[in-house]
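Work through these exercises with the structure open beside you. Try each task before you read its solution.

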Amino acid sequence: MYKVLSKHNVRCTSLFLQRLQSTLVVAEHNNEKLTPITLNAITAAKRLGGEVFCLVAGTNCSKVAEEVCKVQGVQKVLVAQHDAYKGFLPEELTPLLLASQKQFNFTHICAGASAFGKSILPRLAAKLDVAPVSDVTEIKSPDTFVRPIYAGNALCTVKCKSKVKVFTVRGTSFEASPTNGGSASIETVTTDSTVGLSEWLEQNLTKSDRPELTSAKVVVSGGRGLKSGENFKLLYDLADQLQAAVGASRAAVDAGFVPNDMQVGQTGKIVAPELYIAVGISGAIQHLAGMKDSKTIVAINKDPEAPIFQVADYGLVADLFKVVPEMTEQLKKK
Ligand SMILES: Cc1cc2nc3c(=O)[nH]c(=O)nc-3n(C[C@H](O)[C@H](O)[C@H](O)COP(=O)(O)OP(=O)(O)OC[C@H]3O[C@@H](n4cnc5c(N)ncnc54)[C@H](O)[C@@H]3O)c2cc1C
């Protein structure tokens, strides 16, 4: 026999189910500061309803834990400090996540879809024997998510039936949760032993005074049209006037003009700044996949048929070697 529920009952049932939910957001940080994408992941977690927990694991991360306590919408911060968490290796962090899951029985576990989240959550999902959902751009309901497929050319709505939903969040699709107004409590979590499968030795990060590519408000990107690495100086000069980050197409990276951490696109970084200026970039779908959600897109290309003009809000059909220095000079006068 079927029971017919009124709209009111359906709403009450869904509110009740939401209250039973709890989401763990795995915080990304460098032991000093929280990485901005965690704030986007917290917003996604809040959309699910229920409680939001945040795990801060590192070698000496109490400062970060205090920062997370103030983030709006976080109810509890779980802190784990151990030398084994040096380098945030998935091999060491996964047992900690499993222990936390055993203790708190979360309905959802998520992280930003950055290199950090993409390295840890699939391992966790495998250990929990569930299928992870990657790069979520919208939350329809606690078990239904939207994610891009085919380099962003199609959106796929996925219903996840696993008991615990493990997913990564595309940072550009959710606004950052405010960093003040929260008053989460702190609880220490541990695991019995460390794994010792791998050891973090060192990392060499490019030092730059420019904003970080994925969180910059303005991005100037160059493509094969720049013709050499030296010519990227034109873009650095323009970027300095705009306090912008500098990105690149894969063709520019493959040609050795710039390092691959500057690549924007399907196999590079996903950006959605206020202003994206594409210089000497044709606009292949794989490049668009990484920047088409930018608020305003400006394209500079000498070919009026270049596909980039189809997504651009402003297009300049011109020789970049002429107009980019002119733009920089005009900005210097301001
Ligand atoms: C699986 C896969 C993944 C990929 N992932 C990515 C990715 O993440 N990111 C990415 O960018 N690409 C990616 N690609 C590559 C992508 O398909 C394109 O090859 C690449 O984006 C082209 O880069 P480009 O626009 O710089 O070069 P081109 O397509 O060669 O375009 C150069 C442009 O510069 C213009 N130009 C030349 N000289 C001047 C001048 N003097 N002034 C003004 N304009 C000028 C030309 O008109 C042309 O439009 C991927 C490809 C595959 C198959």
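Predicted model: local features only at pLDDT ≥ 70, side-chain atom pairs only at ≥ 80, totals over all residues.

**Exercise 1. Read a helix.**
State which residues of helix H3 (residues 62–69) are buried. Explain how they are arranged around the axis of H3.

Solution. 
- Step 1: pick out the buried residues. In H3 these are Val64, Ala65, Val68 and Cys69.
- Step 2: look down the axis. The buried residues of H3 fall within an arc of 145°, so they line one face of the helix.
- Step 3: find their partners. The buried residues of H3 pack against strands E2 (51–58), E3 (76–81) and E10 (185–188).

**Exercise 2. Describe a pocket.**
Give the volume of the second largest pocket. Then sort its lining by class.

Solution. 
- Step 1: recall the idea. Rolling a probe the size of a water molecule over the atoms shows where empty space is left.
- Step 2: state the volume. The second largest pocket has about 300 Å³.
- Step 3: go to the centre. The lining has 19 residues, and Ser249, Arg250, Ala251, Ala284 and His287 are the closest to the centre of this pocket.
- Step 4: name the helices. H7 (250–254) and H8 (285–288) each supply at least two residues of the lining.
- Step 5: sort. The lining has 13 polar, four nonpolar and two charged residues.

**Exercise 3. Handle positive phi.**
Asp135 and Lys227 each have a positive phi. Say where each one lies, and whether it is buried or exposed.

Solution. 
- Step 1: take Asp135. Its phi is near 60°. Asp135 lies in strand E5 (residues 133–136). At 19% relative accessibility, Asp135 counts as buried.
- Step 2: take Lys227. Its phi is near 75°. Lys227 lies in the loop between strand E11 (218–222) and helix H6 (232–242). With a relative accessible area of 55%, Lys227 is exposed.

Definitions and conventions
Residues numbered from 1 in each chain as written. Heavy atoms only, no water. Buried < 20%, exposed > 50% of the residue type's maximum accessible area, 1.4 Å probe, protein only. Helix = DSSP H or I, 4+ residues; strand = E, 2+ residues; numbered from the N terminus. Arc of directions from axis to C-beta. Contact = heavy atoms within 4.5 Å. 1 Å grid on protein atoms, 1.4 Å probe; cavity = no way out; pocket = protein on both sides within 12 Å on 5 of 7 lines; lining within 4 Å. Points joined across faces, edges and corners; volume = space filled by probe spheres on them. Nonpolar A, V, L, I, M, F, W, Y, C, P; charged D, E, K, R; others polar.
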